[in-house]
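Take a look at the model, then follow the points below.

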Amino acid sequence: MPIPLPDHTDAALAELVEWRVPSADELIAEMREFLPSAEGTLLRQAYVFGAAHHHGQRRKSGEPYFAHPVAVAQLILKLRLDEASVCAGLLHDVVEDTEVTTEDVATLFSDDIAHIVDGVTKLDKIRFGRTEHKQAENFRKMLVAMSKDIRVLLIKLCDRLHNMSTLGAMRAEKQRRISLETLEIYAPLANRLGIGWLKSQLEDLCFRYLYPDDYQELKRDVGQQRAEREAYVAKVVTLLETELAKAGLASAKVYGRPKHLYGIYRKMKRQNLPYAQIYDAQGFRVLTASLEQCYRALGVVHSRFTPIPGRFKDYIALAKANNYQSLHTTVMGPDGQQVEIQIRTEQMHGIAENGVAAHWRYKEKGKAISPKDEERFTWLKQLLEWNAGVTDNDEFLDNMKVDLFNDEVYTFTPAGDLKVFPRGATPVDFAYSIHTRVGETAVGAKTNGRITTLDTPLRNGDVVEIMTRADSRPSPGWLDFVKSARAKTKIRNYIRQEQRDRALAIGHDLLEKGFRRAGYSLTRAEKHERWTKLLSRFRCQTFDELQIQVGYGKLQVDDVVTWLLPDEKPAEPPPAPPSKRSRRPKEQRGAGPATVSVAGINDVVIRLARCCQPVPGDDITGFVTRGRGVTVHQYSCPRARDADPMRRIEVDWSGGDQVAPVKVRVHTGNSAGMLAEMTQRFRESGVNILQANCRVLNARKAINEFEVEVKDISQLDSVLRGLRKLQFVHRVERVGG
Ligand code: MN
């Protein structure tokens with residue numbers, strides 16, 4: 001069906017040629033690069049229709065308005081979306097800025113395109129920042145629409161990127177407002193969708209308008225040092241290529257390039273260093289043909305350059321929330337400079353750059369989004385569900401801003417390890433993420449070198465160091481400000497356990513005194529023929545439980561005593577009261593299985609001893625620590641043997657899906673690709689690597705230490721067996737086992 005066009009259509013098209021706006025033919029050629037069979041008929045019609053209806057309108061810069069929709073369409077092509085999306089890009093402003101209605105677009109083009117245009121138009125009207133009631137409601141509707149068709153959001157992001165790149169013609173105040181909104185909302189959204197290039201470009205543009213002086217200065221510095229840095233990049237690229245080729249990976253591609261300005265700026269702020277001292281301002285990337293080659297390439301890199309401990313991250317085995325996959329490592333490169341290297345397959349790279357959009361590439365025209373793609377933005381739907389009960393629209397918008405757009409805060413340990421928390425998290429969350437013990441003894445923090453209180457919210461890029469004091473304990477008040485589920489659970493457990501310990505001791509005391517008053521003794525009471533009946537009468541499984549109930553005041557001592565000794569006849573004189581500490585272990589054994597459920601941390605706070613790192617399945621023993629639950633050691637651990645026997649308790653593994661950290665040392669020869677093969681063994685057994693540290697001793701010997709997380713001893717054994725089978729492995733041992 002021919003689309004009716006106004007008389008001035010030819011004039012409109014001629015003007016576009018004059019202003020060198022890319023033509024429909026050029027766009028179609030770009031589209032055919034990834035959709036070779038596309039005819040582009042619909043695209044051409046949308047182009048002509050848009051050009052005709054926007055005719056006479058101009059942008060602030062003086063060029064024809066339609067140059068903007070064309071630029072947006074080009075960005076959509078870069079994302080490799082489908083033809084309907086490109087058309088929607090060309091038409092995204094016709095409903096807002098011309099006589100054309102959504103219904104017109106639906107009749108003349110398709111419902112699909114009309115729906116996207118409608119979505120983008122509505123999203124356009126929303127001002128974030130200080131919102132009016134109506135806008136918040138619009139926004140909510142929009143999110144619902146977006147969760148049905150992610151293309152709306154993708155096109156909106158392209159629109160925003162082009163608007164940001166032409167912001168120069170606007171007033172300074174408007175530049176700032178739009179930049180702030182972009183930095184707070186659209187750039188994180190692009191990141192959340194996994195579209196790396198869009199995020200970087202948006203951030204750089206915001207940087208330029210929000211911190212113009214810093215931006216210009218950094219840009220100048222980067223320019224001045226360009227030649228020097230480019231020479232260094234070329235040197236590293238050549239080195240890596242040579243090494244990879246030697247290892248039979250000649251097909252791997254190596255790239256090196258400067259990081260985006262805002263990324264460097266953030267680094268400078270974080271480390272408080274000038275540009276000249278930021279060595280890792282350029283990143284290196286190795287792209288391989290297969291997953292297996294990634295690990296081989298990693299082996300090559302690590303055997304040629306010394307890895308910086310703690311900087312290896314396996315995001316292939318553990319993909320990020322936005323589906324990003326890659327191996328990250330930092331090594332000591334030439335001239336003593338630290339070099340960051342990312343290793344991934346070509347396919348993973350596509351996802352890293354285009355995120356959710358990458359999955360549209362092979363999508364056929366007109367088909368609904370596939371279930372697999374749908375999964376990639378379920379977080380959006382989830383967020384809507386969580387907020388379903390929120391009736392106040394402003395509150396809803398606030399929640400959205402926190403949860404969806406700024407839901408994570410990225411912080412670092414002094415060693416440069418990334419720690420990600422929910423927004424608003426505090427040093428207490430940080431402390432617990434390092435280790436429960438660090439959390440429990442935290443007294444303050446140094447954030448970016450400055451001392452802060454434990455309730456100060458963390459900000460993106462903060463480098464946090466936790467200060468502890470051995471005799472310090474968690475405060476119940478922490479529950480008011482911690483944000484991570486981990487910290488919350490651990491603090492609650494601690495408080496519960498502390499109260500339980502206290503109740504147990506008090507209950508014990510009260511019962512002892514109660515029976516003594518009756519001319520009896522607790523020891524004798526336990527041997528009484530009606531003792532078991534007494535426990536069940538008061539609905540207690542164990543003696544401990546009875547003591548706790550008494551300690552909490554839920555049971556009265558006198559009720560217990562008179563139930564057991566109704567006559568209350570003083571018998572023989574009571575024996576000397578035993579010290580309660582020395583009596584307890586025996587009493588516990590007599591009263592039933594005094595086992596600590598090691599996996600079920602609901603009941604007891606446990607800590608696995610660092611000295612011997614027990615793993616489920618090991619013979620273990622526990623020690624009650626004052627107020628901090630139970631420490632679990634291996635039965636044979638020398639430290640456990642030396643500990644106070646009075647505090648020893650019997651503990652048992654009780655299943656569940658806990659994991660325990662354990663160190664493994666592998667003595668090997670020294671050849672390329674070893675690390676890859678060892679890593680592969682861990683992967684095959686489903687074992688997560690926490691840390692790897694590889695040291696080459698000489699040309700024939702290397703020692704590799706891994707800290708891994710295992711479910712139990714049999715999983716550990718299977719990994720050790722797998723490692724022993726490797727040719728270059730001389731010896732494998734569990735450290736501290
Ligand atoms: Mn627009």
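**Rings and their neighbours**

Arg530 lies over the face of Trp563, 4.4 Å from the ring centre. A charge sits over a ring if NZ of Lys or CZ of Arg is within 6 Å of the ring centre and within 35 degrees of the ring normal. This is a predicted model, where local features need pLDDT of at least 70, side-chain atom pairs count only at pLDDT 80 or more, and totals for chains, interfaces and linings use all residues. Residues are numbered from 1 along each chain as its sequence is written, and side-chain values use heavy atoms, leaving out hydrogens and water.

**Another charge over a ring**
- The charged end of Arg229 sits over the ring of Tyr275, 4.2 Å from its centre.

**Aromatic pairs**
- The structure holds 13 aromatic pairs (rings of Phe, Tyr and Trp, its six-membered ring, with centres within 6.5 Å; planes under 30 degrees apart are stacked, over 60 edge-to-face, the rest tilted).
- Tyr262 and Tyr265 form a tilted pair, with 6.2 Å between centres and 35 degrees between planes.
- Phe515 and Tyr520 also make a tilted pair, at 6.4 Å centre to centre and 45 degrees between the planes.
- Ring pairs join Phe207, Tyr211, Tyr215, Tyr262 and Tyr265 into a cluster.

**Buried or exposed?**
- Tyr262 and Tyr265 are both buried (under 20% relative accessible area; exposed is over 50%, partly exposed in between, with a 1.4 Å probe and protein chains only).
- Phe515 counts as buried because its relative accessibility is 0%.
- Tyr520 is buried too, with a relative accessible area of 12%.
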